[in-house]
Amino acid sequence: MTGADVRPGGRLLRGAHRTLSGLHPALESVLAAVLGLLVGAVLMYIWGYEPWHAYWALLKGAFGGSYEIASSIARGVPLILTALTFSICVRAGMFNIGAEGQMYVGAAAAVTVAYFKLPAGLHLLVGIALAGIAGALWSLGPALLKLTRGVSEVISTIMFNWMSRFLVFYLVAQVLVDPRRAEKTVSVPRTARFPILVAGTDLSYSVFLAVAFALLVYFLLWHTATGYEMRAAGLNPTAARYGGISIKRTILLSFVLGGIGAGLAGAATTMGLPPTYAIISGLPELMNLGFDGMAVAMVGRNHPIGILVAALFFGGLNAGGRVMQFYGANPVPLEMIRVVMGAIVLAMAIPELIRIFPALAAAGRGLVGSFTRAKKETA
């Protein structure tokens, strides 16, 4: 025991230091949010809008009552799942941006339960399982390309996103189309839908699915040997390899687990969001949920618990942003709302972007290397 340990107040100071160190990421996020709000306020003021009235409208629209809170949570549900897809791979040292495509195929798989006749409850479980399996299978493509040919996951997931998009376009228009309404697929039957949690709102029991998956990922990554290996591979793949950790197994597992999360996001959207319970032509209800999930993961510091909070924040931004367009004598147009939201999100994501910059740099080098190899092979 040192002299500092027995000094009066020494334990108190050490406890305060440990508490402040633990709260450091949260304090950093709060300061970044304040900075983003100030930047957004300056932008609105320069263009002639009243920033404080606009922010009041945003706050009321997001958390002003039970309906608003339920709407914010409902909009955050799919973002929890797509954010987990991104964060799992980041923890394993990869930059997987394929949640968008994996979510599309998961949504299409969830809609196919309309062709089965099963009892309620079992019907819902079958739809969830189909969506998760479809997302996992779609994630295998980029994973196998990386394992067998060394293809950068950045390139392959972008390509698979485009393939998924046009595949689902085809399925919506030609295979799953509702014979009475050509602009959408057949609707998920009542027996396969998530029950509504708060009457009169969009919030369904799908929120429990998202929270359960986040807790599962947290337990796997921080309380199992497999999760330890995945995080060790992400921190230092060379040291992990020398330590006997199979990098190939880690890559495969992180992609498949992330694919399941993205597929479940598709199920939560098509089976849990009224009124159509179907995929609309053009995919408006699905578009960009995968990419928005990346921002949620950054704001949530790629931690499952942080992602739950960040998704609620993003859901509130989306729900409250609609109110800003109609509030007061000087409403803010949609384009300016998106600029303000972009400033807030960017400010909050900067600390995590700095932390994972080495992974981004490695992904960039992989991208350049893939182009160089392709050029040499075609020369």
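**Close-up views of the predicted model**

Helix 4 (66-91), helix 11, helix 12, helix 13 (304-324) and helix 14 (334-355) each contribute at least two residues to the lining of the largest pocket. This is a predicted model, in which local features need pLDDT of at least 70 and side-chain atom pairs count only at pLDDT 80 or more, while totals for chains, interfaces and linings use all residues. Residues are numbered from 1 along each chain as its sequence is written, and side-chain values use heavy atoms, with hydrogens and water left out. The protein has 15 helices and two strands (DSSP runs numbered from the N terminus: H or I of at least four residues for helices, E of at least two for strands). Of its 379 residues, 45% are buried (under 20% relative accessible area with a 1.4 Å probe and protein chains only; exposed is over 50%, and partly exposed lies in between).

**Figure 1. The largest pocket and its lining.** The largest pocket holds about 1100 Å³ of space. On a 1 Å grid over the protein atoms alone, a pocket is an open set of points with protein on both sides within 12 Å along at least five of seven lines, a cavity is a set where a 1.4 Å probe fits but cannot get out, and lining residues have an atom within 4 Å of a point. Grid points are joined across faces, edges and corners, and a volume is the space filled by probe spheres set on them. The lining of the pocket has 34 residues, and R75, P284, L289, D292 and N318 lie nearest the centre. Helix 14 gives the largest share, six residues. By class, the lining has 20 nonpolar, eight polar and six charged residues (nonpolar: Ala, Val, Leu, Ile, Met, Phe, Trp, Tyr, Cys and Pro; charged: Asp, Glu, Lys and Arg; polar: the others, Gly among them).

**Figure 2. The largest cavity, with helix 4 and helix 11 in its lining.** The count is one cavity of 30 Å³ or more, and the largest cavity has a volume of about 40 Å³. A74, V77, P78, D202, L203, S204, S206, A268, G272 and L273 line this cavity. Helix 4 supplies the largest share of the lining, three residues. Six lining residues are nonpolar, three are polar and one is charged.

**Figure 3. Helix 4 packed on helix 11.** The two axes lie 8 Å apart, at an angle of about 170° (axes are lines fitted to C-alpha atoms, for helices over the stretch in contact, and angles run from 0 to 180 degrees between N-to-C directions). This makes helix 4 roughly antiparallel to helix 11 (over 145 degrees; under 35 is roughly parallel, 65 to 115 roughly perpendicular, and the rest oblique). On the helix 4 side, V77, P78, L81, T82, T85, I88 and C89 take part, and they meet S254, F255, L257, G258, G261, A262, L264, A265, A268 and T269 of helix 11. The contact (heavy atoms within 4.5 Å) involves 11 nonpolar, six polar and no charged residues.

**Figure 4. Helix 8 against helix 11.** Helix 8 (residues 206-223) packs on helix 11 (residues 247-272) at about 170°, with the axes 10 Å apart. The pair is therefore roughly antiparallel. Helix 8 contributes S206, L209, F213 and L220 to the contact, and helix 11 contributes L257, I260, G261, L264 and A268. Seven of these residues are nonpolar, two are polar and none is charged.

**Figure 5. Helix 8 crossing helix 9.** The axes of helix 8 and helix 9 (residues 225-235) come within 5 Å and cross at roughly 75°. Helix 8 is therefore roughly perpendicular to helix 9. L220, L221 and W222 of helix 8 touch T226, G227, Y228, M230 and R231 of helix 9. The contact residues comprise five nonpolar, two polar and one charged.

**Figure 6. Helix 12 and A295.** Helix 12 (residues 289-299) is mostly covered, with nine of its 11 residues buried. The buried residues are L289, G290, G293, M294, A295, V296, A297, M298 and V299. Leaving aside neighbours within four places in sequence, A295 is in contact with F314 and V345. The C-alpha atoms of A295 and A349 are 6.9 Å apart, although the residues are 54 places apart in sequence.

**Figure 7. S156 in helix 7.** S156 is part of helix 7 (residues 153-175). The relative accessibility of S156 is 3%, so S156 counts as buried. Leaving aside neighbours within four places in sequence, S156 is in contact with P142, L145 and V151.
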